[in-house]
Amino acid sequence: MSTPVQASATVMINALAQRKQAEGIKVYNLSAGEPKVTTPEVVRQAAIQFIERGDIPYPTANGLLALREAAAHWLNHHYGTTYSAAETIVTAGGKLGLYLLLQYYCASTSPLCTNGAGPIGVLIPKPYWVSYPAIASMMGGVPVLIATGEATGWKLTPDLLKKAYTPACKLLVLNNGVNPTGVLYTRAEIAALLALAQELNLTVISDEVYSALVYTDEEYVSCGSFPAYRDNVVVIQSTSKSFAMTGWRVGFVFGPADLIKAMSALNSQSITGVSLVCQQAALAAFQHAAEINAWVQQEMKARRDVMISAFQHYFDLTLPPPPAALYVFVSLLSLGVTNMNDETFALRALEEANVAVVPGSAFGQPGYVRFSYSVDATDLELGIQQLAQFVRLC
Ligand code: PLP
């Protein structure tokens with residue numbers, strides 16, 4: 001029998017935390033990867049007005065033209081890409097975008113598969129977002145994990161990529177604005193990785209869902225913005241993080257028109273398309289992108305700073321503020337924990353201190369813990385305080 005599909009560890013911890021909350025217990029939930037802010041009024045109103053029409057038909061498989069145009073315009077304007085609506089598909093979150101891409105590329109009918117050559121290798125830097133290896137395996141691909149290290153800033157380098165590569169590898173999943181480490185790649189680093197990927201004939205799936213959550217003056221570099229590598233790059237985007245719309249489930253894939261057409265067929269044979277209510281909401285969000293993106297970014301930056309100060313105050317731990325995303329990735333050793341592994345730590349922190357965090361093992365990096373700073377400042381402060389107390393006692 002084949003290995004059962006693993007449920008996402010982050011989703012599991014989050015569910016456990018929510019169960020405690022439902023029992024009336026106050027939980028400091030530092031596990032979820034979603035900006036905890038209210039959906040802007042303009043977005044909610046767009047959905048409500050569309051619902052009030054009363055006629056909510058099936059959506060088209062590739063998504064509303066107006067939304068695809070707006071999303072492509074947003075990406076092109078902010079990140080120097082040149083995608084058209086025909087090179088854009090609306091998916092039920094970035095996660096489904098990744099799922100459909102891996103379904104397409106790992107299938108034996110995929111243009112990346114050579115007849116009889118066996119399953120394709122999917123190169124994934126480690127630590128990774130939990131869903132990359134899980135989905136790659138589900139689709140019949142073979143995850144090829146590339147270890148990066150804290151000492152080198154958790155970054156994938158051409159050298160590491162070259163060492164991990166085998167001829168079976170056809171895909172590289174690159175996440176910029178990294179979950180769980182908060183790493184941000186520079187233009188030169190991205191250019192070097194794309195050049196090598198091209199040389200190795202790798203298609204790059206670039207997960208850019210945290211592109212608007214950058215907290216330094218450094219630019220966010222989209223892999224889609226390099227004309228020389230355009231045909232070998234597919235970009236995943238989402239309204240979840242940049243527009244604080246996680247529950248609306250609206251994401252995008254940008255790539256060559258033929259690929260988008262194939263993904264459209266997969267959408268049509270599975271979810272049909274993304275709910276038009278949510279697409280209308282997303283359209284309104286893009287019409288107010290500048291204000292919404294800036295607001296979410298400012299909120300998350302302030303919360304990041306609260307978390308960094310709380311670590312300093314309660315653990316006497318000086319952490320470099322992560323430049324992007326929503327997370328701080330810390331070793332148990334630096335927290336002064338030596339008597340349990342990261343999974344036990346996460347479980348006991350939730351059971352005994354009511355603080356939910358995600359063990360590094362979920363990201364392929366045992367011995368570490370991921371803290372999300374996406375909740376409000378009071379919960380962040382009290383959560384870290386409770387955790388410090390728990391660590392002192394255990
Ligand atoms: N990519 C990364 C790195 C993520 O952290 C997430 C969500 O946590 C996603 C993609 C998927 O986001 P969504 O499906 O909500 O667009």
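The model is predicted.

**Strands and their pairing**

Three strands form an open sheet in the order S9-S12-S11, and their pairing is antiparallel. Its edges are strand S9 (327-331) and strand S11 (358-359), each of which pairs on one side only. S9 pairs with S12 in the antiparallel sense over 5 bridges, and within this pairing Phe329 stands opposite Arg370 in S12. On the S11 side, 2 bridges join S11 to strand S12 (residues 368-372), again with the strands running antiparallel. Here Pro359 stands opposite Val369 in S12.

Although S9 is an edge strand, S9 is mostly covered, with 5 of its 5 residues buried. In a regular strand, side chains alternate between the two faces of the sheet. In S9, Tyr327, Phe329 and Ser331 lie on one side and Val328 and Val330 on the other, and all of them are buried.

Strand S8 (residues 251-254) also has buried residues on both sides: Gly251 and Val253 point one way, Phe252 and Phe254 point the other way, and all are buried. S8 is joined to strand S2 (residues 88-91) by 4 bridges, and these two strands run antiparallel. Thr88 has Phe254 as its bridge partner in S8. S8 also pairs with S7 in the antiparallel sense over 4 bridges, where Gln237 stands opposite Phe252 in S8.

| Strand pair | Bridges | Facing residues |
|---|---|---|
| S9 and S12 | 5 bridges | Phe329 and Arg370 |
| S11 and S12 | 2 bridges | Pro359 and Val369 |
| S2 and S8 | 4 bridges | Thr88 and Phe254 |
| S7 and S8 | 4 bridges | Gln237 and Phe252 |

**A pocket and a cavity**

Rolling a probe the size of a water molecule over the atoms shows where empty space is left. The second largest pocket holds about 580 Å³ of space. Its lining consists of 29 residues, and those nearest its centre are Gly33, Lys95, Trp129, Lys241 and Thr246. Helix H1 (9-22), helix H4 (93-106) and strand S7 (233-238) each contribute at least two residues to this lining. The largest share, 4 residues, comes from H1. Sorted by class, the lining of this pocket has 10 nonpolar, 13 polar and 6 charged residues.

The structure has 1 cavity of 30 Å³ or more. The largest cavity contains about 110 Å³ of space and is lined by 16 residues, with Pro125, Pro127, Asn175, Val178 and Tyr185 nearest its centre. Strand S3 (121-126) and strand S5 (169-175) are the elements that give two or more residues to its lining. S5 gives the most, with 3 residues. The lining of the largest cavity has 11 nonpolar, 4 polar and 1 charged residues.

Pro127, one of the residues nearest the centre of the largest cavity, is found in the loop between S3 and helix H5 (131-138). The peptide bond from Lys126 to Pro127 is cis, with omega near 0°.

Thr148 is found in the loop between strand S4 (142-147) and helix H6 (158-164). Because its relative accessibility is 10%, Thr148 counts as buried. A polar atom of the Thr148 side chain lies 2.7 Å from the backbone oxygen of Lys126. Leaving aside neighbours within four places in sequence, the residues in contact with Thr148 are Pro125, Lys126, Pro127, Trp154, Lys155, Leu156 and Leu160.

Trp154 also has its place in the loop between S4 and H6. Trp154 is not a glycine, yet has a positive phi of about 60°. Trp154 is buried, with a relative accessible area of 10%.

**Other loop residues**

Pro180 lies in the loop between S5 and helix H7 (187-199).

Asn201, in the loop between H7 and strand S6 (203-207), has a positive phi of about 60° although it is not a glycine. Asn201 counts as exposed because its relative accessibility is 58%.

Pro320 is placed in the loop between helix H10 (289-315) and S9. At 66% relative accessibility, Pro320 counts as exposed. Pro320 and Ile308 are 12 residues apart in sequence, and their C-alpha atoms are 8.0 Å apart in space.

Key
Residues numbered from 1 in each chain as written. Predicted model: local features only at pLDDT ≥ 70, side-chain atom pairs only at ≥ 80, totals over all residues. Heavy atoms only, no water. Pairing = 2+ DSSP bridges. 1 Å grid on protein atoms, 1.4 Å probe; cavity = no way out; pocket = protein on both sides within 12 Å on 5 of 7 lines; lining within 4 Å. Points joined across faces, edges and corners; volume = space filled by probe spheres on them. Nonpolar A, V, L, I, M, F, W, Y, C, P; charged D, E, K, R; others polar. Buried < 20%, exposed > 50% of the residue type's maximum accessible area, 1.4 Å probe, protein only. Polar contact = N/O pair within 3.5 Å; in protein donor to acceptor, adjacent residues only side chain to side chain. Contact = heavy atoms within 4.5 Å.
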